[in-house]
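Please walk through this fold with the model open beside the text.

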Amino acid sequence: MFYKLSQSLDTNVIGKVRETQVSCWTPLQMRILRTPWRLFSSPNIQKFELERNAKLTDSLYCFGLSGYNNFLVSPKFKDLLERHHLMGHQFIESIVYGRKKTTYNYYFFHNSDLRLPELVDYQKSTFYSTEWLNNNSRKPITLQNFEEYKYLMSLDKEAKMDYHLDQIALSESFDHELDLFNLFPLDCNCYISERLKNAMEEENITGVEFEIAANFL
């Protein structure tokens, strides 16, 4: 069984903030989110500022950087993650600036590996297409492999279309012992094992939420 890992929206946990818990001084925006593998250590993702009325949690949300394959994590959270079996990833040292010039050591956790979408069982999985800014455009489609996905994306010169996993089946070649992985760009969720979920609950990792990933076949 897998679980979806997401940022907490509970104000009792993260505090009363409107959009972000932290803001990046010079964000890289969507380009960072779509980096297929390694990021270069850069000041653009090394300095963050804690928003007013936000609580310092083990996972901090930053609009434009968080989600997909990026997390801003505390040393405690980093230590826990490193004791588990993770997909390809890297940690970049970061600093969070709080009130009265207080600083906190955090890590920018980037996880991405374009080999994983190739290990989806395309014959058993289901897919759908969407059109940008059209809420009624969802249509079922079939994909034979990841190469076909990349081909369809290459035809979309105006970036109007996208193609997503609906029901997910993993091939026998997929490492089913992974404790944390994503299937980006076919799917934008971060998935964790029950083993990692239980460890995070036992060590009281804050700023995250879980739900059963019911989209796996």
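Strand 3 (residues 47–50) and strand 6 run parallel and are joined by 3 bridges. Helices (H or I, at least four residues) and strands (E, at least two) are DSSP runs, numbered from the N terminus. Two strands pair if DSSP finds at least two bridges between them.

The model is predicted: local features need pLDDT of at least 70, side-chain atom pairs count only at pLDDT 80 or more, and totals for chains, interfaces and linings use all residues. Residues are numbered from 1 along each chain as its sequence is written, and side-chain values use heavy atoms, with hydrogens and water left out.

Stay with strand 6. Strand 6 also pairs with strand 7, in the antiparallel sense, over 9 bridges. Here F91 has F109 of strand 7 as its bridge partner. The two strands form a hairpin with 5 residues between them. In that turn, K100 has a positive phi of about 55°. K101 lies in the loop between strand 6 (89–97) and strand 7 (103–111). Its phi is positive too, near 65°, although K101 is not a glycine. K101 counts as exposed because its relative accessibility is 78%. The cut-offs are these: buried means under 20% relative accessible area, exposed over 50%, and partly exposed in between (1.4 Å probe, protein chains only).

Step back to the whole chain. The protein has 5 helices and 13 strands. Of its 217 residues, 47% are buried. Contact means heavy atoms within 4.5 Å. Among contacts between residues at least 6 apart in sequence, 71% join residues at least 24 apart.

Axes are lines fitted to C-alpha atoms, for helices over the stretch in contact, and angles run from 0 to 180 degrees between N-to-C directions. Strand 11 and strand 12 are joined by 3 bridges. One of the pairings sets N182 against C190 in strand 12.

Which residues of helix 5 are buried? They are L196, K197, A199 and M200. Seen down the axis of helix 5, these buried residues fall within an arc of 165°, so they line one face of the helix. The arc is that of the directions from the helix axis to the C-beta atoms. An α-helix has 3.6 residues a turn, so residues three or four places apart point the same way. The buried residues of helix 5 pack against helix 3 as well as strand 1 (2–7), strand 11, strand 12 and strand 13 (208–212).

Look at that helix pair. The axes of helix 3 (residues 75–82) and helix 5 (residues 194–202) come within 11 Å and cross at roughly 150°. F77, L80 and L81 of helix 3 meet L196, A199 and M200 of helix 5. The residues of this contact divide into 6 nonpolar, no polar and no charged. Ala, Val, Leu, Ile, Met, Phe, Trp, Tyr, Cys and Pro count as nonpolar, Asp, Glu, Lys and Arg as charged, and the others, Gly among them, as polar. After helix 5 comes N204, with a positive phi near 55°.

Another open sheet has 3 strands in the order 9-8-10, with antiparallel pairing. Strand 9 (134–141) and strand 10 are its edge strands, each pairing on one side only. The twist averages 30° from one strand to the next. Strand 8 (residues 127–131) and strand 10 pair over 5 bridges. Here F127 stands opposite L165 in strand 10.

Finish with two loops. A159 lies between helix 4 (146–155) and strand 10 (161–165). Its phi is positive, near 55°. A159 counts as exposed because its relative accessibility is 56%. P185 lies in the loop between strand 11 (180–182) and strand 12 (190–193). A cis peptide bond joins F184 and P185, with omega about 15°.
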